[in-house]
Amino acid sequence: MLESLSPVLIAAAVFGGYLLGSIPFGVIATRMGGAGDVRSIGSGSIGATNVLRTGRKDLAAITLLGDGGKGAVAVLIAWLATKDGPQEAQRVLIALAAASAFLGHLFPVWLKFKGGKGVATFFGTLLAAAWPVGIAAGATWLVVAFLFRISSLAGLTAVALAPLYAFVFHRGLPIIYLTLFMAVLVFFRHADNIRRLLKGQEPRIGAGKKDAA
């Protein structure tokens with residue numbers, strides 16, 4: 001079944017997905033919105049959570065949509081390129097494009113490979129690649145965030161359970177491997193957050209800008 005995926009198509013999915021994922025919406029939004037360079041405040045991350053620390057909810061929303069959307073677009077292009085082929089081949093190409101977009105966000109070529117922490121792009125790619133899994137992971141985020149009011153804990157719990165959701169919903173090995181790949185990298189990028197969680201020092205949702213930083 002995988003013979004239908006040409007080397008050119010695979011290369012296009014990998015490199016195209018990576019370049020899409022590398023678009024730093026947080027940096028672009030804050031600079032164009034007059035909020036400076038988001039990398040100079042808070043955690044230094046380019047994601048929506050850190051953009052919110054500028055006090056600009058509109059810029060944070062743009063960043064969230066952009067970071068999630070670029071992963072979804074990579075998946076959509078891969079789906080269109082394989083919509084008339086075998087389902088297993090389509091899942092493989094989608095997983096490759098999604099993983100590449102995710103890597104691009106975490107390690108963007110335009111920012112010397114220093115990117116975001118991946119939660120928004122994780123949800124964007126997953127909702128496009130396997131929407132039942134994405135919805136289940138999103139519901140997990142909402143429940144944990146409501147109970148504990150800690151964004152990082154909610155994100156880590158959601159990505160940790162995503163491979164199980166992919167298995168339960170029978171989304172196939174390529175999607176299961178994709179969720180595992182993204183989960184490992186999200187935990188890696190949240191090493192500082194995990195240390196603060198263990199010490200009880202992680203800021204809660206709605207904390208003041210000074211406390212969050």
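Where does Lys112 lie? In this predicted model, Lys112 is placed in the loop between H5 and H6. The phi angle of Lys112 is near 55°, a positive value in a residue other than glycine. Most residues other than glycine have a negative phi. With a relative accessible area of 71%, Lys112 is exposed. A positive phi, of about 60°, is also found at Arg149, although Arg149 is not a glycine. Arg149 belongs to the loop between H7 and H8, and its relative accessible area of 40% makes it partly exposed.

The interior is considered next. In soluble globular proteins, nonpolar side chains tend to be buried together. The largest nonpolar core of the model comprises 36 residues. Within this core, the residues with the most contacts are Phe102, Phe122, Leu126, Ala129, Val133, Ala137 and Leu178. At least two core residues come from each of helix H4 (57–82), helix H5 (87–106), helix H6 (119–129), helix H7 (131–148), H8 and helix H9 (173–189). The most is given by H5, which supplies 10 residues. Phe102, one of the residues with the most contacts in the largest core, touches Gly118, Thr121, Phe122, Met182, Leu185 and Val186 when residues up to four places away in sequence are not counted.

Ala154 is located in helix H8. Its relative accessible area is 0%, and Ala154 is therefore buried, the cut-off being under 20%. Apart from residues up to four places away in sequence, Ala154 touches Trp141, Val144 and Ala145. Ala154 and Val144 are separated by 10 residues in sequence, and their C-alpha atoms lie 5.0 Å apart in space.

Asp67, in helix H4, has a relative accessibility of 2% and counts as buried. Leaving out residues up to four places away in sequence, Asp67 touches Ile23, Phe25, Ile46, Gly47, Ala48, His105, Ala120 and Thr121. Glu202 is situated in the loop between helix H10 (191–199) and helix H11 (209–212). At 10% relative accessibility, Glu202 likewise counts as buried. The side chain of Glu202 makes a polar contact of 2.7 Å with the side chain of Ser152. A further polar contact, again of 2.7 Å, joins the side chains of Glu202 and Arg196. Beyond its neighbours within four places in sequence, Glu202 is in contact with Ile150, Ser152, Asn193, Arg196 and Leu197.

Charged pairs are described next. Side chains of opposite charge can pair when their charged atoms come close. The structure holds seven salt bridges. In one of them, the side chains of Arg39 and Asp37 meet with an N to O distance of 2.8 Å. Arg39 is partly exposed at 33% relative accessibility, and Asp37 is partly exposed at 22%. Arg31, Asp37 and Arg39 are linked in a network of salt bridges. Another salt bridge is formed by Asp58 and Arg56, with the closest N and O atoms 3.0 Å apart. Both residues count as partly exposed, Asp58 with a relative accessibility of 40% and Arg56 with 29%. Asp84 forms a salt bridge with Lys83, and here the closest N and O atoms are 3.8 Å apart. In this pair Asp84 counts as exposed, at 72% relative accessibility, whereas Lys83 is partly exposed, with a relative accessible area of 45%.

Nonpolar residues also occur on the surface. Leu161, Leu164, Phe167, Val168 and Phe169 form a nonpolar patch there, and together these residues have about 460 Å² of accessible area. Phe167, a member of the patch, is part of helix H8 (residues 151–168). With a relative accessible area of 57%, Phe167 is exposed, because this value is over 50%.

Methods: Residues are numbered from 1 along each chain as its sequence is written. This is a predicted model: local features need pLDDT of at least 70, side-chain atom pairs count only at pLDDT 80 or more; totals for chains, interfaces and linings use all residues. Side-chain values use heavy atoms; hydrogens and water are left out. Patches are made of residues with over 30% relative accessible area and no salt bridge: like charges are joined within 9 Å, nonpolar side chains (Val, Leu, Ile, Met, Phe, Trp, Tyr) within 5 Å. Accessible areas come from the Shrake-Rupley method with a 1.4 Å probe; for residues, only the protein chains shown count as cover. A salt bridge is a side-chain nitrogen of Lys or Arg within 4 Å of a carboxyl oxygen of Asp or Glu. Helices (H or I, at least four residues) and strands (E, at least two) are DSSP runs, numbered from the N terminus. Buried means under 20% relative accessible area, exposed over 50%, partly exposed in between (1.4 Å probe, protein chains only). A nonpolar core is a set of buried Ala, Val, Leu, Ile, Met, Phe, Trp, Tyr and Cys residues joined through side-chain atoms within 4.5 Å. Contact means heavy atoms within 4.5 Å. A polar contact is a pair of N or O atoms within 3.5 Å; within protein, one must be able to donate a hydrogen and the other to accept it, and residues adjacent in sequence count only if both atoms are side-chain atoms.
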